[in-house]
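Here are my notes on the structure you sent.

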Amino acid sequence: MSKALQQKLTARFGARILAATSQHGDEAVVVAPADWREVHLFLRDDPSSQMQMLIDLCGVDYPDREPRFEVVTHLYSLTKKHRLRVKTAVGDADGDDAVVDSLLSVWRSADWMEREAFDMFGVRFAGHPDLRRILTYPEFEGHPLRKDYPAARTQPLVPYREGAGVQGKLAPFGADEGMPFGRQTHGAPGSPEVN
Amino acid sequence: MGDLTRTHVVEGSEQGFATTRFQDLLGWARKYSLFQYPFVTACCGMEFMSFASPRFDMARFGAEAPRFSPRQADLLWVVGTISQRQAPVLRRVWEQMTEPKWVLAFGTCASCGGFYDNYATVAGIDKIIPVDVYVPGCPPRPEAVIDGLLLLQDKIATGDRTPGIIKPRVDPKQGQLVTLRTPADLEESHAALEAKVKRLGG
Ligand code: SF4
């Protein structure tokens, strides 16, 4: 559906479009972080593209890859009724240096999505005026959707109550009751799996 | 006042009167005048609305009036998932309530975190505030919630502060509940009925 758009992008940017894929009718292109904003600006303004809507912007963590994080946008044109996905890869193995240009000046809706990607993955968006955490709280350490964030690590804002029956699951529940889906690994601060 | 176990009705007087202990009278009065603060955060709220509405009708149990100031409430319903970020708010609401106060954990999330076993969720509100009655279920059935409220009322009347839990109900096996009737079945039961009528009448 957006094949023509992919070709147009390749014609315009040449080798700067690192890859163009199509799967199950979903087209995607991969660009370098340096071209991130320019490609999006083109996609918004070009008459054959007219992507008025930034549907989503998110991060993805591939711990085995280098660069480690992908930043992905989903675009939609309200007039042309076509979609495109744009990806780029940033960050070294430790998750540092994950920086890409902010799209806030291209679409206002990028504001909170970029804050979310920052909060969850630690990807920073250069030029974002207010890059604070949005889902977690300012006291939160680390980025919870990184694959190396310990799955059982919680960072309570309120100190947990002390005493028998409080530290474990809870007083009247048996070990097999109440939480059939979870790992049942949540401990209070101080227990081994929580730091 | 028939509910009070230690109440004695004194016979013989014209008006009739009863003696009881002050604590029992107080418990009896409290259990039927619960002013509740619904702290509703997630999908369990739907079940709570249905419980509060006429079909299940919590007003029957004297727990009708919601107060949207914790200072006027003595029963805190924690309905839904509590995230770490929300925990200080819940704690503050509970602290603002006047004594005596009770807490009911509505649903699996409030009871123990449910399947939200992750960085974002408090695995059970009893990690931050004491709970009197747990009603697990995702969401709990209205019957379970009614059971929970009645259990809480019992606890209030007897002054029992140990936590209680409403066990999830087990569905009866299919077929025990519904028996499909065939015409032959009907004939049979007709015949049995007639025989019975004959026996009784004859
Ligand atoms: S127990 Fe189930 S229904 Fe209730 S808040 Fe949690 S997920 Fe939603």
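1. Chain A has a mean pLDDT of 84, with 83% of its residues at 70 or more. For chain B the mean pLDDT is 82, and 84% of its residues reach 70 or more.

2. Over residues 167–171 of chain A, pLDDT stays under 50, and the model has 19 contacts beyond four places in sequence for them. Residues 178–195 of chain A also have pLDDT below 50, with 40 contacts in the model beyond near neighbours in sequence. Where pLDDT is low, the predicted coordinates should not be read in detail.

3. Chain B has a cis peptide bond to check as well. It runs from E99(B) to P100(B), with omega near -5 degrees. P100(B) is placed in the loop between α3 (87–96) and β5 (102–106) of chain B.

4. Look at the backbone of Q50(A) too. Its phi is near 50 degrees, a positive value in a residue other than glycine. Q50(A) belongs to the loop between α2 (36–45) and β3 of chain A. Most residues other than glycine have a negative phi, and most peptide bonds are trans.

5. Now the helix pairs. In chain A, the axes of α1 (residues 3–13) and α2(A) come within 12 Å and cross at roughly 125 degrees. α1(A) and α2(A) are therefore oblique to each other. Their crossing is right-handed. From α1(A), L5(A), K8(A), L9(A), R12(A) and F13(A) take part; they meet E38(A), V39(A), F42(A) and L43(A) of α2(A). By class, this contact of α1(A) with α2(A) has six nonpolar, no polar and three charged residues.

6. In chain B, take helix α1 (residues 22–31) with helix α5 (residues 142–158). Their axes come within 7 Å and cross at roughly 155 degrees. That angle makes α1(B) roughly antiparallel to α5(B). The crossing of α1(B) and α5(B) is right-handed. G27(B), R30(B) and K31(B) of α1(B) meet Q153(B), D154(B), I156(B) and A157(B) of α5(B). The contact of α1(B) with α5(B) has two nonpolar, two polar and three charged residues.

7. Helix α5(B) also packs against α2 (residues 44–52) of chain B, at an angle of about 70 degrees and with the axes 10 Å apart. α2(B) and α5(B) are therefore roughly perpendicular to each other. E47(B), S50(B) and F51(B) of α2(B) make the contact with P142(B), V145(B), I146(B) and L149(B) of α5(B). The residues of this contact divide into five nonpolar, one polar and one charged.

8. Which residues are around the ligand? They are A42(B), C43(B), C44(B), G80(B), T81(B), T108(B), C109(B), F115(B), Y116(B), G137(B), C138(B) and P139(B). This shell has eight nonpolar residues, four polar and no charged.

Methods. Residues are numbered from 1 along each chain as its sequence is written. Chains are lettered from A and ligands numbered from 1 in the order in which they are written. This is a predicted model: local features need pLDDT of at least 70, side-chain atom pairs count only at pLDDT 80 or more; totals for chains, interfaces and linings use all residues. Side-chain values use heavy atoms; hydrogens and water are left out. Axes are lines fitted to C-alpha atoms, for helices over the stretch in contact, and angles run from 0 to 180 degrees between N-to-C directions. Helices (H or I, at least four residues) and strands (E, at least two) are DSSP runs, numbered from the N terminus. Angles under 35 degrees count as roughly parallel, over 145 as roughly antiparallel, 65 to 115 as roughly perpendicular and the rest as oblique. A crossing is left-handed if the near helix is turned anticlockwise from the far one by less than a right angle, and right-handed if clockwise. Contact means heavy atoms within 4.5 Å. Ala, Val, Leu, Ile, Met, Phe, Trp, Tyr, Cys and Pro count as nonpolar, Asp, Glu, Lys and Arg as charged, and the others, Gly among them, as polar. pLDDT is the predictor's confidence in each residue, from 0 to 100. A residue is near a molecule or strand if one of its heavy atoms lies within 4 Å of it.
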